[in-house]
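Here is a short tour of a structure for you to follow on screen. Keep the viewer open and step through the topics below.

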Amino acid sequence: MKDKNNERIEILGDNHFSKNTETPLRADAFDKPDDEKIKNIQYHFEMIMKEMGLDLTDDSLSGTPYRVAKMYIKELFYGLNPANRPKLSTFENKYGYQKMLVEQNITIDSACEHHFLPIVGHANVAYIPKDKVIGLSKINRLVDYYAHRPQVQERLVLQICNDLQKVLGTEDVIVAVSAKHLCVSSRGIKDKNSFTTTLEYGGCFADKTYRDEFLTIIGQQSV
Ligand SMILES: [Zn+2]
């Protein structure tokens, strides 16, 4: 008999429903230390592999549950834990620079929360400084942090944009992400060429002139 809940999940398919900018986390998400989580995930991943009929006594497979567990907690999804958010110190805008600053071609290494498959691509981020400026690499680090969670691309740009607006003390921030989803290219429709672009902005970027300047710099057409 078909599980009613699984049936619902299949009907929803790849439609992305997101109610909130926040990543949905349990209240007790970080009560356990990482080591304990790794141990538990290792056990459960071993069960998955066994259920698939794999022989865990094989030399090549025996270390896989631990490697996957450690990779989930310490690498792919390190950005779930707010303790890992990069420290974003700002500096006084001494130069009085008031034009657009664009940080381009920032690597996106993420994973979709619906299939736990990679999302790979690039982010372009711009802001117009008011009183504060930020070290350039901090933008890359912030993008990396929010990307390293189970994500949907719509939420990813929102989270980066909201955080930067807060840190920089200005609404004049724009974030564009273009990325390939392996859940689209390797399963389901199996489209190898399509990619997805999401855009979030505030302040002066609501004005098409500013948005077009940004899009021209990053080499994409306005829509
Ligand atoms: Zn997916």
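In this predicted model, helix H8 spans residues 208-217 and buries Arg211, Phe214 and Leu215. These three lie on the same side of H8, because they cover an arc of only 95° around its axis. In general, an α-helix has 3.6 residues a turn, so residues three or four places apart point the same way.

**Around helix H8**
- The exposed residues Thr209 and Thr216 sit on the face of H8 that is turned away from its buried side.
- The cover over the buried residues of H8 includes strands S2 (101-112), S3, S6 and S7.
- Where H8 starts, the backbone nitrogen of Thr209 has a side-chain oxygen of Asp207 within 2.9 Å.
- Just after H8, Gly219 adopts a positive phi of about 80°.

**Strand S6 and its partners**
- Eight of the nine residues in S6 (residues 173-181) are buried, leaving this strand mostly covered.
- S3 (residues 118-127) runs antiparallel to S6, and nine bridges join the two; Val125 stands opposite Val175 in S6.
- S7 (residues 196-201) also pairs with S6 in the antiparallel sense, over six bridges, with Val177 opposite Thr198 in S7.

**The zinc site**
- Cys112 (SG), His115 (ND1) and Cys183 (SG) coordinate the zinc ion at 2.2 to 2.3 Å.
- Along the chain, the donors of the zinc ion have the spacing C-x2-H-x67-C.
- Cys112 is buried, with a relative accessible area of 3%, whereas His115 is partly exposed at 26%.

Conventions
Residues numbered from 1 in each chain as written. Predicted model: local features only at pLDDT ≥ 70, side-chain atom pairs only at ≥ 80, totals over all residues. Heavy atoms only, no water. Donors = N, O, S within 2.8 Å, 3.2 Å for Na, K, Ca; no water. Buried < 20%, exposed > 50% of the residue type's maximum accessible area, 1.4 Å probe, protein only. Helix = DSSP H or I, 4+ residues; strand = E, 2+ residues; numbered from the N terminus. Pairing = 2+ DSSP bridges. Arc of directions from axis to C-beta. Contact = heavy atoms within 4.5 Å. Polar contact = N/O pair within 3.5 Å; in protein donor to acceptor, adjacent residues only side chain to side chain.
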